[in-house]
Amino acid sequence: MCPWFESKWGSVRLSERLSILHPSITLEIDALGKKLKQEGKPVISFGAGELDFSPPETVLTAAKVAIDDVVNSRYSPTAGLYELRAKIAERVNNTQQLNGTPAEVSAEQVIVTNGGKQAIFEILAAILNPDDEIILLGPSWLTYYAVAEYHGAKVINIPGTAQNSYKVTPEELAKTISEKTRAVIINSPCNPTGAVYSIDELRRIGEVLLNTDVWIIADEIYESLIYGEIASEKNTAPHILEALPELAEQTILVNGVSKSYAMTGWRVGYLVAPFWVAVEIQKLQGHLTSNINNIAQKAALAALETSSEYFDNARKTLQERRNLMVSLLGQIRLAGDAEKGVSFNIPDGAFYILVNIENLLNVPLSGEKLVVKDAVSLAKLLLEKTLVAVVPMDSFKIANHIRFSYALSKEDITEGINRIIKFIGEQ
Ligand SMILES: Cc1ncc(COP(=O)(O)O)c(C=O)c1O
(Lines give C-alpha, C1' and ligand atoms only; values in the text may rest on other atoms or scores of the structure.)
Protein backbone atom coordinates (compact mmCIF):
# COMPACT_ATOMS: atom_id res chain seq x y z
CA MET A 1 0.00 0.00 0.00
CA CYS A 2 1.36 3.43 -0.95
CA PRO A 3 1.60 5.82 1.96
CA TRP A 4 -0.50 8.98 1.39
CA PHE A 5 0.14 12.21 3.19
CA GLU A 6 -2.03 15.29 3.44
CA SER A 7 -0.03 18.41 2.63
CA LYS A 8 -1.17 21.97 2.04
CA TRP A 9 -1.19 21.15 -1.68
CA GLY A 10 -3.49 18.14 -1.22
CA SER A 11 -2.81 14.41 -0.98
CA VAL A 12 0.75 13.36 -1.79
CA ARG A 13 1.75 9.82 -2.63
CA LEU A 14 5.10 8.43 -1.49
CA SER A 15 7.10 5.31 -2.33
CA GLU A 16 5.42 2.01 -1.46
CA ARG A 17 8.68 0.78 -0.02
CA LEU A 18 8.57 3.43 2.68
CA SER A 19 5.51 1.82 4.24
CA ILE A 20 7.73 -1.16 5.09
CA LEU A 21 9.69 0.94 7.58
CA HIS A 22 8.12 1.60 10.97
CA PRO A 23 9.03 4.14 13.61
CA SER A 24 10.88 2.33 16.35
CA ILE A 25 9.28 1.96 19.77
CA THR A 26 12.84 2.08 21.12
CA LEU A 27 13.19 5.62 19.82
CA GLU A 28 9.81 6.55 21.31
CA ILE A 29 10.92 5.42 24.77
CA ASP A 30 14.32 7.02 24.25
CA ALA A 31 12.62 10.32 23.37
CA LEU A 32 10.43 10.09 26.47
CA GLY A 33 13.51 9.42 28.62
CA LYS A 34 15.33 12.40 27.11
CA LYS A 35 12.31 14.65 27.66
CA LEU A 36 12.14 13.67 31.34
CA LYS A 37 15.88 14.28 31.65
CA GLN A 38 15.50 17.73 30.10
CA GLU A 39 12.84 18.48 32.69
CA GLY A 40 15.56 17.85 35.27
CA LYS A 41 14.43 14.35 36.32
CA PRO A 42 17.25 11.93 37.31
CA VAL A 43 16.65 9.44 34.49
CA ILE A 44 19.04 6.48 34.20
CA SER A 45 19.11 4.93 30.76
CA PHE A 46 20.08 1.35 30.01
CA GLY A 47 19.20 2.00 26.38
CA ALA A 48 22.57 3.16 25.06
CA GLY A 49 23.94 1.41 22.00
CA GLU A 50 27.29 3.11 22.45
CA LEU A 51 30.18 3.23 24.90
CA ASP A 52 30.43 6.11 27.32
CA PHE A 53 34.27 6.25 27.04
CA SER A 54 36.28 8.85 25.14
CA PRO A 55 37.80 7.65 21.88
CA PRO A 56 41.60 7.20 22.06
CA GLU A 57 43.43 10.55 22.34
CA THR A 58 45.31 9.84 19.07
CA VAL A 59 41.97 9.78 17.23
CA LEU A 60 41.11 13.29 18.33
CA THR A 61 44.59 14.57 17.44
CA ALA A 62 44.48 12.97 13.97
CA ALA A 63 41.13 14.60 13.27
CA LYS A 64 42.40 18.04 14.32
CA VAL A 65 45.43 17.69 12.05
CA ALA A 66 43.21 16.52 9.19
CA ILE A 67 40.99 19.58 9.45
CA ASP A 68 43.97 21.83 8.73
CA ASP A 69 44.97 19.91 5.61
CA VAL A 70 42.97 21.37 2.73
CA VAL A 71 43.16 18.15 0.77
CA ASN A 72 40.58 16.78 3.18
CA SER A 73 38.13 19.45 2.08
CA ARG A 74 37.92 17.79 -1.35
CA TYR A 75 36.30 14.63 -2.69
CA SER A 76 38.38 11.50 -2.21
CA PRO A 77 38.02 7.97 -3.68
CA THR A 78 34.50 6.57 -3.23
CA ALA A 79 35.66 3.35 -1.60
CA GLY A 80 37.75 5.17 1.01
CA LEU A 81 41.22 6.62 1.51
CA TYR A 82 43.69 4.05 0.28
CA GLU A 83 45.78 4.09 3.47
CA LEU A 84 42.66 3.37 5.53
CA ARG A 85 41.56 0.53 3.25
CA ALA A 86 45.07 -0.91 3.43
CA LYS A 87 45.04 -0.67 7.24
CA ILE A 88 41.67 -2.43 7.39
CA ALA A 89 42.94 -5.21 5.13
CA GLU A 90 46.04 -5.55 7.34
CA ARG A 91 43.85 -5.75 10.45
CA VAL A 92 41.65 -8.45 8.92
CA ASN A 93 44.75 -10.37 7.87
CA ASN A 94 46.23 -10.15 11.35
CA THR A 95 43.13 -10.96 13.36
CA GLN A 96 41.72 -13.61 11.07
CA GLN A 97 44.48 -16.18 10.90
CA LEU A 98 43.24 -18.78 8.46
CA ASN A 99 44.48 -22.11 9.80
CA GLY A 100 47.45 -20.30 11.31
CA THR A 101 48.36 -18.34 8.16
CA PRO A 102 47.25 -14.72 7.87
CA ALA A 103 44.30 -14.16 5.52
CA GLU A 104 45.08 -12.55 2.19
CA VAL A 105 42.58 -9.75 1.99
CA SER A 106 43.68 -6.81 -0.17
CA ALA A 107 42.79 -3.13 0.18
CA GLU A 108 40.75 -3.37 -3.04
CA GLN A 109 38.27 -5.63 -1.27
CA VAL A 110 37.51 -3.00 1.36
CA ILE A 111 34.85 -0.28 1.15
CA VAL A 112 34.68 2.38 3.82
CA THR A 113 31.09 3.32 4.64
CA ASN A 114 29.09 5.72 6.80
CA GLY A 115 28.99 3.40 9.77
CA GLY A 116 28.26 -0.30 9.78
CA LYS A 117 24.69 0.62 8.89
CA GLN A 118 25.56 1.81 5.41
CA ALA A 119 27.64 -1.32 4.89
CA ILE A 120 24.61 -3.49 5.74
CA PHE A 121 22.37 -1.44 3.45
CA GLU A 122 24.75 -1.66 0.52
CA ILE A 123 25.42 -5.37 0.94
CA LEU A 124 21.74 -6.23 1.07
CA ALA A 125 21.04 -3.92 -1.89
CA ALA A 126 23.77 -5.74 -3.81
CA ILE A 127 22.71 -9.32 -3.12
CA LEU A 128 18.95 -9.41 -2.56
CA ASN A 129 16.09 -9.57 -5.02
CA PRO A 130 12.38 -9.43 -4.17
CA ASP A 131 11.13 -12.74 -2.70
CA ASP A 132 14.60 -13.91 -1.74
CA GLU A 133 14.90 -15.15 1.81
CA ILE A 134 17.49 -14.09 4.33
CA ILE A 135 18.10 -16.00 7.55
CA LEU A 136 18.87 -14.35 10.86
CA LEU A 137 20.43 -16.45 13.61
CA GLY A 138 18.82 -15.96 17.02
CA PRO A 139 17.53 -12.66 18.40
CA SER A 140 18.81 -10.08 15.93
CA TRP A 141 19.33 -6.37 15.47
CA LEU A 142 16.21 -4.65 14.11
CA THR A 143 18.01 -2.93 11.23
CA TYR A 144 18.60 -6.30 9.49
CA TYR A 145 14.83 -6.78 9.32
CA ALA A 146 14.13 -3.24 8.15
CA VAL A 147 16.78 -3.20 5.41
CA ALA A 148 16.11 -6.72 4.12
CA GLU A 149 12.37 -6.07 3.96
CA TYR A 150 13.00 -2.71 2.31
CA HIS A 151 14.74 -4.61 -0.48
CA GLY A 152 11.72 -6.88 -0.85
CA ALA A 153 13.23 -9.94 0.82
CA LYS A 154 11.57 -12.16 3.39
CA VAL A 155 13.32 -12.46 6.72
CA ILE A 156 13.37 -15.88 8.38
CA ASN A 157 14.46 -15.80 11.99
CA ILE A 158 15.70 -18.92 13.73
CA PRO A 159 14.97 -18.01 17.36
CA GLY A 160 17.48 -20.34 19.05
CA THR A 161 16.97 -21.35 22.66
CA ALA A 162 17.86 -19.74 25.96
CA GLN A 163 19.55 -23.04 26.98
CA ASN A 164 22.06 -22.53 24.15
CA SER A 165 22.46 -18.78 24.83
CA TYR A 166 20.27 -18.23 21.73
CA LYS A 167 23.07 -19.49 19.50
CA VAL A 168 21.69 -21.38 16.52
CA THR A 169 22.84 -24.94 15.91
CA PRO A 170 23.93 -26.28 12.49
CA GLU A 171 20.92 -28.63 12.57
CA GLU A 172 18.52 -25.71 13.07
CA LEU A 173 20.18 -23.83 10.22
CA ALA A 174 20.20 -26.82 7.84
CA LYS A 175 16.46 -27.32 8.41
CA THR A 176 15.69 -23.69 7.57
CA ILE A 177 17.69 -23.25 4.37
CA SER A 178 15.56 -23.44 1.24
CA GLU A 179 16.05 -22.78 -2.46
CA LYS A 180 15.06 -19.20 -1.81
CA THR A 181 17.75 -18.58 0.81
CA ARG A 182 20.11 -15.92 -0.49
CA ALA A 183 21.99 -14.98 2.68
CA VAL A 184 22.59 -15.71 6.35
CA ILE A 185 23.64 -13.01 8.79
CA ILE A 186 25.90 -14.02 11.67
CA ASN A 187 26.35 -11.34 14.28
CA SER A 188 28.90 -12.43 16.86
CA PRO A 189 29.24 -10.91 19.46
CA CYS A 190 25.52 -10.35 19.17
CA ASN A 191 23.26 -7.38 19.69
CA PRO A 192 20.97 -7.98 21.66
CA THR A 193 22.11 -11.18 23.42
CA GLY A 194 25.85 -10.62 23.91
CA ALA A 195 26.34 -14.23 22.79
CA VAL A 196 29.63 -15.12 21.09
CA TYR A 197 30.01 -18.15 18.81
CA SER A 198 33.08 -20.27 19.51
CA ILE A 199 35.41 -21.20 16.67
CA ASP A 200 34.00 -24.71 16.69
CA GLU A 201 30.39 -23.51 16.56
CA LEU A 202 31.31 -21.24 13.64
CA ARG A 203 32.99 -24.11 11.82
CA ARG A 204 29.91 -26.28 12.14
CA ILE A 205 27.61 -23.46 10.97
CA GLY A 206 30.02 -22.76 8.11
CA GLU A 207 30.01 -26.39 7.02
CA VAL A 208 26.25 -26.17 6.43
CA LEU A 209 26.80 -23.22 4.10
CA LEU A 210 29.92 -24.41 2.30
CA ASN A 211 29.37 -25.29 -1.37
CA THR A 212 26.00 -23.53 -1.47
CA ASP A 213 25.13 -20.26 -3.22
CA VAL A 214 24.18 -18.68 0.10
CA TRP A 215 26.01 -15.49 1.11
CA ILE A 216 27.36 -15.20 4.64
CA ILE A 217 27.28 -11.73 6.10
CA ALA A 218 29.46 -11.70 9.20
CA ASP A 219 28.70 -8.61 11.26
CA GLU A 220 31.73 -8.34 13.53
CA ILE A 221 31.20 -4.81 14.77
CA TYR A 222 31.56 -5.86 18.45
CA GLU A 223 34.56 -8.14 17.78
CA SER A 224 36.90 -6.48 20.29
CA LEU A 225 34.39 -6.32 23.12
CA ILE A 226 34.64 -9.80 24.57
CA TYR A 227 35.08 -11.18 28.06
CA GLY A 228 36.37 -14.45 29.35
CA GLU A 229 37.77 -17.49 27.65
CA ILE A 230 36.02 -17.10 24.33
CA ALA A 231 38.59 -14.52 23.17
CA SER A 232 41.06 -15.67 20.55
CA GLU A 233 44.79 -15.12 20.98
CA LYS A 234 44.33 -11.81 19.16
CA ASN A 235 41.78 -10.75 21.78
CA THR A 236 38.95 -10.65 19.28
CA ALA A 237 35.89 -12.86 19.00
CA PRO A 238 36.38 -15.92 16.77
CA HIS A 239 35.71 -15.26 13.07
CA ILE A 240 33.90 -17.48 10.60
CA LEU A 241 36.74 -17.20 8.08
CA GLU A 242 39.23 -18.35 10.68
CA ALA A 243 37.01 -21.34 11.28
CA LEU A 244 36.55 -22.18 7.61
CA PRO A 245 38.77 -20.19 5.18
CA GLU A 246 37.11 -21.96 2.23
CA LEU A 247 34.09 -19.69 2.79
CA ALA A 248 36.02 -16.56 1.74
CA GLU A 249 34.41 -16.35 -1.72
CA GLN A 250 30.90 -16.29 -0.26
CA THR A 251 31.51 -14.17 2.83
CA ILE A 252 31.18 -10.44 3.34
CA LEU A 253 32.50 -8.94 6.58
CA VAL A 254 30.98 -5.91 8.26
CA ASN A 255 32.85 -3.94 10.87
CA GLY A 256 33.68 -0.38 11.89
CA VAL A 257 35.09 1.83 14.58
CA SER A 258 31.75 2.84 16.14
CA LYS A 259 31.43 0.33 18.93
CA SER A 260 34.97 -0.77 19.72
CA TYR A 261 36.55 2.69 19.79
CA ALA A 262 33.59 4.63 21.22
CA MET A 263 33.25 6.49 17.90
CA THR A 264 29.55 6.11 17.01
CA GLY A 265 29.27 9.77 16.05
CA TRP A 266 32.15 9.65 13.55
CA ARG A 267 30.20 7.31 11.28
CA VAL A 268 32.96 5.10 9.96
CA GLY A 269 32.22 1.50 9.12
CA TYR A 270 33.51 -0.84 6.46
CA LEU A 271 32.82 -3.98 4.54
CA VAL A 272 35.24 -6.53 3.14
CA ALA A 273 33.91 -8.53 0.20
CA PRO A 274 35.25 -10.71 -2.60
CA PHE A 275 36.82 -8.28 -5.09
CA TRP A 276 34.11 -8.50 -7.77
CA VAL A 277 31.36 -7.81 -5.22
CA ALA A 278 33.30 -4.87 -3.79
CA VAL A 279 33.43 -3.39 -7.31
CA GLU A 280 29.64 -3.63 -7.63
CA ILE A 281 29.00 -2.15 -4.20
CA GLN A 282 31.38 0.68 -4.99
CA LYS A 283 29.15 1.64 -7.95
CA LEU A 284 26.22 1.92 -5.58
CA GLN A 285 28.15 3.96 -3.03
CA GLY A 286 29.29 6.28 -5.84
CA HIS A 287 25.67 7.33 -6.35
CA LEU A 288 24.68 7.21 -2.71
CA THR A 289 27.33 9.15 -0.78
CA SER A 290 30.62 9.08 -2.72
CA ASN A 291 33.45 9.00 -0.19
CA ILE A 292 32.64 9.35 3.47
CA ASN A 293 33.93 12.32 5.44
CA ASN A 294 37.74 12.50 5.02
CA ILE A 295 38.37 13.82 8.51
CA ALA A 296 36.45 10.94 10.03
CA GLN A 297 38.44 8.54 7.85
CA LYS A 298 41.73 9.98 9.17
CA ALA A 299 40.37 9.61 12.71
CA ALA A 300 39.39 5.99 11.97
CA LEU A 301 42.90 5.29 10.67
CA ALA A 302 44.33 6.54 13.97
CA ALA A 303 41.82 4.36 15.82
CA LEU A 304 42.95 1.23 14.00
CA GLU A 305 46.53 2.07 14.92
CA THR A 306 45.66 2.35 18.62
CA SER A 307 47.64 0.19 21.01
CA SER A 308 45.93 -2.85 22.50
CA GLU A 309 46.14 -1.18 25.92
CA TYR A 310 43.01 0.82 25.03
CA PHE A 311 41.04 -2.40 24.65
CA ASP A 312 42.56 -4.03 27.69
CA ASN A 313 41.18 -1.16 29.75
CA ALA A 314 37.83 -1.07 27.96
CA ARG A 315 37.35 -4.82 28.32
CA LYS A 316 38.28 -4.77 32.01
CA THR A 317 35.82 -1.97 32.74
CA LEU A 318 33.02 -3.59 30.74
CA GLN A 319 33.58 -6.97 32.33
CA GLU A 320 33.29 -5.43 35.81
CA ARG A 321 30.09 -3.69 34.78
CA ARG A 322 28.69 -6.87 33.29
CA ASN A 323 29.39 -8.76 36.53
CA LEU A 324 27.72 -6.03 38.55
CA MET A 325 24.66 -6.12 36.27
CA VAL A 326 24.41 -9.89 36.54
CA SER A 327 24.51 -9.85 40.32
CA LEU A 328 21.96 -7.01 40.60
CA LEU A 329 19.51 -8.33 37.98
CA GLY A 330 19.50 -11.62 39.89
CA GLN A 331 18.07 -9.73 42.87
CA ILE A 332 14.89 -8.61 41.08
CA ARG A 333 12.09 -10.48 42.84
CA LEU A 334 8.31 -10.22 42.78
CA ALA A 335 6.81 -9.06 46.08
CA GLY A 336 4.10 -11.72 45.98
CA ASP A 337 6.41 -14.59 45.00
CA ALA A 338 10.05 -14.28 46.04
CA GLU A 339 10.94 -17.32 43.91
CA LYS A 340 10.14 -15.37 40.77
CA GLY A 341 12.29 -12.77 39.08
CA VAL A 342 13.83 -12.26 35.67
CA SER A 343 16.03 -14.68 33.75
CA PHE A 344 18.96 -14.09 31.39
CA ASN A 345 22.15 -15.56 30.00
CA ILE A 346 25.48 -14.09 31.01
CA PRO A 347 26.84 -12.35 27.90
CA ASP A 348 30.34 -13.11 26.61
CA GLY A 349 30.60 -10.00 24.46
CA ALA A 350 29.20 -6.63 23.29
CA PHE A 351 27.56 -4.66 26.13
CA TYR A 352 23.99 -5.90 26.27
CA ILE A 353 22.02 -8.32 28.43
CA LEU A 354 18.78 -9.76 27.07
CA VAL A 355 16.38 -10.24 29.96
CA ASN A 356 13.29 -12.47 29.97
CA ILE A 357 10.56 -10.64 31.90
CA GLU A 358 7.72 -13.19 31.50
CA ASN A 359 7.41 -13.59 35.28
CA LEU A 360 6.65 -9.89 35.64
CA LEU A 361 3.70 -9.89 33.23
CA ASN A 362 0.04 -10.21 34.20
CA VAL A 363 0.80 -10.14 37.92
CA PRO A 364 0.45 -7.22 40.36
CA LEU A 365 3.72 -5.28 40.48
CA SER A 366 4.90 -3.16 43.38
CA GLY A 367 2.84 -1.85 46.26
CA GLU A 368 0.61 -0.13 43.72
CA LYS A 369 -0.57 -3.46 42.34
CA LEU A 370 0.04 -2.46 38.74
CA VAL A 371 -0.35 -5.09 36.05
CA VAL A 372 1.36 -5.00 32.65
CA LYS A 373 0.83 -7.42 29.80
CA ASP A 374 3.91 -6.93 27.63
CA ALA A 375 7.48 -5.65 27.52
CA VAL A 376 6.54 -2.28 25.98
CA SER A 377 4.09 -1.56 28.83
CA LEU A 378 6.69 -2.67 31.39
CA ALA A 379 9.32 -0.38 29.86
CA LYS A 380 6.90 2.57 29.93
CA LEU A 381 5.93 1.79 33.52
CA LEU A 382 9.56 1.55 34.66
CA LEU A 383 10.33 4.87 33.04
CA GLU A 384 7.31 6.54 34.55
CA LYS A 385 7.64 5.11 38.06
CA THR A 386 11.39 4.62 38.52
CA LEU A 387 12.87 6.94 35.87
CA VAL A 388 14.81 3.99 34.44
CA ALA A 389 14.84 3.56 30.64
CA VAL A 390 15.20 0.07 29.11
CA VAL A 391 14.60 -1.20 25.58
CA PRO A 392 11.60 -3.50 25.02
CA MET A 393 12.57 -6.07 22.42
CA ASP A 394 9.28 -5.97 20.50
CA SER A 395 10.92 -3.87 17.79
CA PHE A 396 13.58 -6.63 17.52
CA LYS A 397 10.60 -9.00 17.10
CA ILE A 398 11.25 -10.72 20.43
CA ALA A 399 8.28 -10.89 22.80
CA ASN A 400 8.53 -10.64 26.61
CA HIS A 401 12.14 -9.48 26.75
CA ILE A 402 13.88 -6.22 27.48
CA ARG A 403 17.48 -5.29 26.68
CA PHE A 404 19.79 -3.63 29.16
CA SER A 405 22.97 -1.97 27.91
CA TYR A 406 25.76 -1.81 30.49
CA ALA A 407 27.61 1.00 28.77
CA LEU A 408 27.08 3.24 31.79
CA SER A 409 28.94 3.89 35.03
CA LYS A 410 28.88 1.43 37.92
CA GLU A 411 27.20 4.07 40.08
CA ASP A 412 24.38 4.48 37.54
CA ILE A 413 24.07 0.71 37.10
CA THR A 414 23.75 0.23 40.85
CA GLU A 415 21.27 3.05 41.30
CA GLY A 416 19.19 2.08 38.24
CA ILE A 417 18.81 -1.63 38.97
CA ASN A 418 18.22 -0.96 42.67
CA ARG A 419 15.32 1.29 41.71
CA ILE A 420 13.84 -1.60 39.70
CA ILE A 421 14.45 -4.13 42.50
CA LYS A 422 12.67 -1.84 44.93
CA PHE A 423 9.76 -1.08 42.60
CA ILE A 424 9.08 -4.67 41.56
CA GLY A 425 9.53 -6.07 45.05
CA GLU A 426 7.51 -3.45 46.92
CA GLN A 427 4.86 -4.98 49.22
C1 LIG B 1 24.86 -5.52 15.30
C2 LIG B 1 25.16 -4.16 14.79
N3 LIG B 1 25.74 -4.03 13.60
C4 LIG B 1 26.02 -2.83 13.07
C5 LIG B 1 25.71 -1.67 13.77
C6 LIG B 1 26.00 -0.36 13.08
O7 LIG B 1 26.80 0.49 13.75
P8 LIG B 1 27.20 1.90 13.14
O9 LIG B 1 26.35 2.18 11.96
O10 LIG B 1 26.99 2.87 14.25
O11 LIG B 1 28.64 1.77 12.76
C12 LIG B 1 25.08 -1.75 15.02
C13 LIG B 1 24.68 -0.55 15.76
O14 LIG B 1 23.92 -0.55 16.70
C15 LIG B 1 24.82 -3.03 15.56
O16 LIG B 1 24.26 -3.19 16.77
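## A pair of parallel strands

Leu137 stands opposite Ile158 in β8. This is a predicted model.

## The seven-stranded sheet

β7 and β8 belong to an open sheet of 7 strands. The order is β6-β12-β11-β10-β9-β7-β8. The pairing is mixed. The edges are held by β6 (110-113) and β8 (154-158). Each has a single partner strand, so one side of each is left without a neighbour in the sheet. From one strand to the next, the twist averages 20°.

## Around the ligand

Helix α4 returns here. It spans residues 115-127 and provides the largest share of the shell around the ligand, with 3 residues. In total, 13 residues surround the ligand. The closest are Gly115, Gly116, Lys117, Asn191 and Ser258.

What classes of residue make up the shell around the ligand? By class, 9 are polar, 2 are nonpolar and 2 are charged.

Most residues other than glycine have a negative phi, and most peptide bonds are trans. Some places in this model depart from that pattern. The peptide bond from Ser188 to Pro189 is cis, with omega near -10°. Pro189 is found in the loop between β9 and α7 (199-209).

The peptide bond from Asn191 to Pro192 is also cis, with omega near 25°. Pro192 has its place in the loop between β9 and α7. Asn191 is among the residues closest to the ligand. Ser165 has a phi near 50°, a positive value in a residue other than glycine. Ser165 sits in the loop between β8 and α6 (170-176).

## Two domains

How is the protein chain divided into domains? The domain assignment gives domain 1 as 11-54 + 310-425 and domain 2 as 71-307. Their C-alpha centres lie 27 Å apart. In the contact between them, 30 residues of domain 1 meet 32 residues of domain 2.

On the side of domain 1 that touches domain 2, α11 and β14 (352-356) each supply at least two residues. Which element gives the most to that side? Helix α11 does, with 6 residues. By class, that side of domain 1 divides into 16 nonpolar, 7 polar and 7 charged residues.

## Helix against helix

Helix α11 (residues 309-329) also has a helical partner, α13 (residues 410-425). Their axes come within 10 Å and cross at roughly 10°. That crossing makes α11 roughly parallel to α13; angles under 35 degrees count as roughly parallel.

Which residues meet where α11 and α13 touch? From α11 come Arg321, Leu324, Met325, Leu328 and Leu329. From α13 come Lys410, Ile413, Thr414 and Ile417. By class, this contact has 6 nonpolar, 1 polar and 2 charged residues.

## The four-stranded sheet

Strand β14 takes part in another open sheet, made of 4 strands. The order is β13-β14-β17-β16, with antiparallel pairing. β13 (343-344) and β16 (391-392) stand at the edges. Each of these edge strands has a single partner, so one side of each is left without a neighbour in the sheet.

Between β13 and β14, the antiparallel pairing runs over 2 bridges. Phe344 stands opposite Val355 in β14. Helix α12 (residues 375-386) packs on this sheet, where it touches β16 and β17 (401-405). The direction of α12 makes about 45° with that of β17.

Strand β1 covers residues 4-7, and strand β2 covers residues 10-13. The two run antiparallel, joined by 4 bridges. How many residues does the hairpin that joins β1 to β2 pass through? The hairpin joins them through 2 residues. Within the pair, Glu6 stands opposite Ser11 in β2.

Definitions and conventions
Residues numbered from 1 in each chain as written. Predicted model: local features only at pLDDT ≥ 70, side-chain atom pairs only at ≥ 80, totals over all residues. Axes fitted to C-alpha atoms, helices over the stretch in contact; angles between N-to-C directions. Parallel < 35°, antiparallel > 145°, perpendicular 65-115°, else oblique. Contact = placed C-beta atoms within 7 Å. Nonpolar A, V, L, I, M, F, W, Y, C, P; charged D, E, K, R; others polar. Near = placed C-beta within 6 Å. Pairing = 2+ DSSP bridges. Domains from an automatic or database assignment.
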